Amino acid sequence: MYVKEYPITVGVAGLGLIGGSLAKALKQFTSNWVLGYDTDPTTRRMALAEHAVDEMPEDSALGRCDLVFLALCPRQAVAFLQERVQYLRPGTVVMDLCGVKRYPFRHLGELCHSHNLCYVGGHPMAGKECWGYENADPELFRGASMIVTPGPQTPPTVLQWLEALFLQLGFGRVTPSDPEEHDRIIAFTSQLAHVVSSAYVKSPQALRQMGFSAGSFKDLTRVARLNPAMWTELFLENADDLTQEIDTIIAHLQEYREAIAAGDAQRLAKLLEDGRQRKEATL
């Protein structure tokens, strides 16, 4: 499998929050040459003007890339590569940055294998409650975890090569996983939080909270300002794991409701203490 010494040529497909931040980080913290791909004319102009990318070339230029990042929603990532795979030379490393891993692993893994490309799944554990290139930040990944889900045929040298790059971009650690484990845990650590935040802010009292809210309200509602199209796709591609987590939190909420409705102080205190202990165990 082809692995080239840095600096390299990197393609970034999709210059939204993640892709734009990645391109900016590549330009600020490395000497790699960056090719950008995006369908939005304004984004393309901004990325070139701000030197977030070196070029916005034709699709055929993908053949110059040593590494291609697909910073797109899962179905867009698969479609992008399907339509352009003929331009990539054998041995090129392809990494999607999708928030779920089973879907891209299933489709991109097979496609890359059939064209002698090296596919690795990836998910940077960083983001904001806003999206788009205009919110891209080269410091977005500072101290974050980069999850990688290599395929069974991914050479260890490729993973070491990628880890060196991610640490250079500011990531604090690289976390290996497999697609099933990733989606199962992400359903709890990320997707459930977005569902709960979106549901929580729908209380009629949310419109009257000014002057009555502090940090807890802000913390719990921050990610309700999500990208509906992107999160809809992520939720539905991980529906089995996510619905299980939703069922679990509903069951626990019911426990609290029953204790409060019954005026059962002893049971309520026990539930709260159990929650406190579980939070302490996660620190």
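**Figure 1. Contacts across the chain in the predicted model****.** Among contacts between residues at least 6 apart in sequence, 76% join residues at least 24 apart. The model from which this value is computed is a predicted one, and its chain holds 10 helices and seven strands. Along its principal axes the C-alpha trace spans about 70 × 40 × 30 Å. Of the 283 residues in the chain, 43% are buried, while the chain exposes about 15000 Å², of which carbon and sulfur atoms supply 55%.

Figure 2. The side chain of Gln191 reaches the backbone oxygen of Leu234, with a distance of 3.4 Å. Leaving aside residues up to four places away in sequence, Gln191 touches Gly99, Val100, Ile186, Trp231, Leu234, Phe235, Asn238 and Leu242.

**Figure 3. Lining of the second largest pocket****.** This pocket has a volume of about 900 Å³. It is lined by 19 residues, of which Phe188, Ile249, His252, Tyr256 and Gly275 are the closest to its centre. Two or more lining residues come from each of helix H6 (179-200), helix H9 (239-261) and helix H10 (265-282). The most is given by H9, which contributes seven residues to the lining. By class, the lining of the second largest pocket comprises nine nonpolar, five polar and five charged residues.

**Figure 4. The largest cavity and its lining residues****.** Rolling a probe the size of a water molecule over the atoms shows where empty space is left. In this structure there is one cavity of 30 Å³ or more, and the space in the largest cavity amounts to about 40 Å³. The residues that line the largest cavity are Ile18, Leu22, Phe69, Leu97, Pro124, Phe141, Met146, Phe166 and Phe171. The lining of the largest cavity has nine nonpolar residues, with no polar and no charged residues, whereas the lining of the second largest pocket includes five polar and five charged residues beside its nine nonpolar ones.

Methods
Residues numbered from 1 in each chain as written. Predicted model: local features only at pLDDT ≥ 70, side-chain atom pairs only at ≥ 80, totals over all residues. Heavy atoms only, no water. 1 Å grid on protein atoms, 1.4 Å probe; cavity = no way out; pocket = protein on both sides within 12 Å on 5 of 7 lines; lining within 4 Å. Points joined across faces, edges and corners; volume = space filled by probe spheres on them. Helix = DSSP H or I, 4+ residues; strand = E, 2+ residues; numbered from the N terminus. Nonpolar A, V, L, I, M, F, W, Y, C, P; charged D, E, K, R; others polar. Polar contact = N/O pair within 3.5 Å; in protein donor to acceptor, adjacent residues only side chain to side chain. Contact = heavy atoms within 4.5 Å. Buried < 20%, exposed > 50% of the residue type's maximum accessible area, 1.4 Å probe, protein only. Areas by Shrake-Rupley, 256 points an atom, 1.4 Å probe, with all protein chains shown as cover.
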